[in-house]
Every structure is written in C-alpha cells, then in structure tokens.
Amino acid sequence: MKYKSIRGMEDILPGDIGAWQKLENTARKILESYGYREIRTPILEDTSLFERSIGESTDIVTKEMYTFKDRKGRSLTLRPEGTAPIVRSYIEHALDKISPELRLYYMGPMFRSERPQKGRSRQFYQIGVEVIGTRSPFADAEIIAQLDKMLKSFGLEDFTIKLNSLGCMADKAEFAGKLKKYLEDRKKRLCGDCKKRIKKNVLRVLDCKNECCVQVAREAPNLIDSLCASCKEHFEKLKGILSTTKTKFVETKNLVRGLDYYTGTVFEITHSALGGQDAIGAGGRYDNLVKDFGGPSLGAVGYALGIERIIIALKAKGQAKSAETTKILYVATMGDKAKIEGMKIAEEIRRECGLRVLTDLKEASLKSQMRTADKNNAKIVIIIGEDELKEGKAVIRDMARKEQKSVNINSVVEEVKKGAIC
Ligand code: HAM
C-alpha cells in the first residue's frame, strides 16, 4: 500500500522550502528588532482552553477542532490557533513578573478541520505576535505598523488593512441586542446557518459570505454607534496614530472576527490574489482573556499571519524567491583514500568559507558525480582521483566557465578562500 499525506495536510518539499525560510528569517529579524521574544508552546492543549476562549458556539469550536481522548480519557485538542495557549503559558509561568509588558512571537502549525481549498488547509502555519500587559492604543498602533512593515519586507504591496472596533463587553452586548432585533425582522432573507446564529452568536451573521446575508448585513446597525465613550476614544486615538505614522488602513463597517475573545480593536489584512480565502492575517484586542483564564487583569493585543496564504500572494507576483543564495561546492572523489581526504577538505571548506559543500555518498563513478554536481547547481567542483592523490594534487573546476586547474592538495582550501576561481 502506498501512503499519502492526510487530506488538507501538505508536505512542504525541499524545492519550496526556500520561500518559507526566507519569510521566517525576515519575520524573525523584524520582530526581534521590535523587542519581541519567541515563545513555543505545545501543539496539544486541554480542549476546554479553546472552548472557553474561542467560544463554544464558534465555527472553530463546533466544527473544526481536532479533538480526541488520550489513553487516560482526557480530552485534548490540536491547537487551532496560538493566542489561547500563549495566554495559558503566560499565566502558568507568571510571565508578568518578568516584564510588566511582554512582546511575544511564535511560528508554527495550527490545525482546523475545514474543507480544503486554495489558501485553506487543515494543517497551516502562522506567524503571530501577542503583546500582553497594556491597554494603550499605542500598542495596537505599533503592532499594526509593524505588521505593515513586515508584509512590505516580504515583498507584498497590494494588501489592505481593514480596521474596526467591537467595543468592550458591554458595548458588544448592546450591539448584539440591536443586531438581533434588526435580523429577526429579516430572518426569512438569511441562510440556514445565519438563522441559527441569530440566537447563538449573532455577530457572526456579519461575517457570512452568502450573498443573501451580505445584502441584509449591508443595512445593519453600525457597531461604532454602540461604542461607549472610552472605547470610542481608544479607536479615534488609534486611527490618529496610524495616520500620523502613515500606516494605511480602511475603516470597515461591521468587520467582526470568528473568535469570541476579541474586544475593542479588530483588524484583518486581505490580499486580492487569494480569491475566497483572502485574509492573509488578522488580529485584535482581547482585554478580558488573561483575567478569564485566572490571571491578572491585563489588556492584550495581537495578530497572526497565514504563511501559506502569504506565499500564494507572493507567487502571484512572482516574488516567492528562495533564500538559497549560498553557493554550492561539490567534492568529487575516487577511491577510499581520496574519499577520506575529500571529507577532510569538505569539512574545512564548510568551516572556513561558509559554502554549502556536498560529497559523494554513493561511491559513484566520477562521471556520475560530475552529473550530480551539475544537477545540484554546484559552482565549483573539487576533483580528487587516485592519480591526483598520489601526486599530492587536486583539480578545482569552475562549472560555469568550464575551466579547471590543478593545485597542490594542501592549498585547495586557500584557493577556494581566495575565490580566484569563483
Ligand atoms: P484567525 O483569523 O483565525 O486568527 O487566523 C489568522 C490567519 O491564519 C488568517 O487570516 C489566515 O491567514 C490564516 N488561516 C486561518 N485558518 C486557515 C486555514 N484553514 N488555512 C490556511 N490559513 C489559515 C487567529 O488565529 C488569532 N489567534 C489571531 C490573533 C492573535 N489575534 C490576536 N492575537
């Protein structure tokens, strides 16, 4: 039987990994420059962690989580997102004692059992940040500006940052009441799911992609009108800071999120290259979650980007370039003695020159090794045959120029270092 990967869970092959590494390396560099520190949490968590934070009636919790019982009967879930595990870890390790305001970032796989399609998989990767310990709009502004800068550094241009505010819990409740009333009167025009959502999770109706619901939502009451004075002030201040820092955004009426923990600022980044699944990232404030999980009363804000979707957007512009710029050098050898000598030389070149050095692992013929060097795009081949070895010599061949020269075996590394042949 031939095995295949699980539907919706894809292999990232060596030919594609360069674009991923480039993205991850750029993100790491930028995030570290903003003072973010990396955090890695386990892939499995207690199921109730997600139920309580993301929300019992959300699509993620009701339909999409990979939940199972372990051998002791405990209910565990493959993390569908990174925020809840990080808040769990923050409280468990009292990270607020380390710094009153913590900037954290993470990269890694998330799991949601959604119907796979372009830009939507069941195992997907996120790069995310969480800033825990502040309620200031300056924190919202910094992460949005940082995100904007990072996406541009990846080579993306045609993205839109959509911005809105859900208000505090009281504002959300007030708006939910207004929206319920509005939708009850138009219930007949809604899709089956949204009819149920009116009772269970009314804000989600605003996020439904069905044309009938989109039309009803267009005329719905505006969330912004339900904001209390303090939430309104926060939102106005945030928009002011973003405008001053020249971070472009589009205030988007009734933008809501699919996770219940959000309060206040919410945002989503979309890209036209993606079609149906056009959000390349999203985030917002979750000022009640730390306290809800039994921690101190601290504000927090964060976002997560979907790596696969960013790569699709970059590919659409022909910009998903590989990070593999390091030159490759191949050491071709014949006979055991030459192979051992070749291994030593390869090791020295790796240490001294920072090149990628490949050697023959198959005891293949010299001709076949030259073909392998060519296929691997080697710039230089060092040839050590039995005859060369007897004379204490090696050949250095420049593959592009098709030139070669014989040098003393003890000076091979020096010659490569001089780069005369490169
Ligand atoms: P989210 O909107 O659920 O937010 O996911 C963030 C991003 O992950 C999406 O915009 C999308 O790019 C990517 N994504 C989500 N589901 C899939 C999928 N099935 N296949 C491919 N990509 C996907 C969160 O996860 C929040 N934890 C973000 C956050 C952090 N909020 C505050 N801090």
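Q: How many residues surround the ligand, and which are the closest?
A: A residue is near a molecule if one of its heavy atoms lies within 4 Å of it. Here 27 residues surround the ligand. The closest are Glu81, Glu114, Glu130, Arg257 and Tyr262. This is a predicted model: local features need pLDDT of at least 70, side-chain atom pairs count only at pLDDT 80 or more, and totals for chains, interfaces and linings use all residues. Residues are numbered from 1 along each chain as its sequence is written, and side-chain values use heavy atoms, with hydrogens and water left out.

Q: Which strands supply at least two residues of the shell around the ligand?
A: Strands are DSSP runs (E, at least two residues) and helices likewise (H or I, at least four), numbered from the N terminus. The strands here are β6 (123-132), β10 (279-285) and β11 (300-306). β10 gives the most, with six residues.

Q: Is Glu341 buried, partly exposed or exposed?
A: Buried means under 20% relative accessible area, exposed over 50%, partly exposed in between (1.4 Å probe, protein chains only). Glu341 has 24% relative accessibility, so it counts as partly exposed. Glu341 sits in helix α12 (residues 336-353).

Q: Which residues does Glu341 touch?
A: Contact means heavy atoms within 4.5 Å. Leaving out residues up to four places away in sequence, Glu341 touches Leu389 and Ile409.
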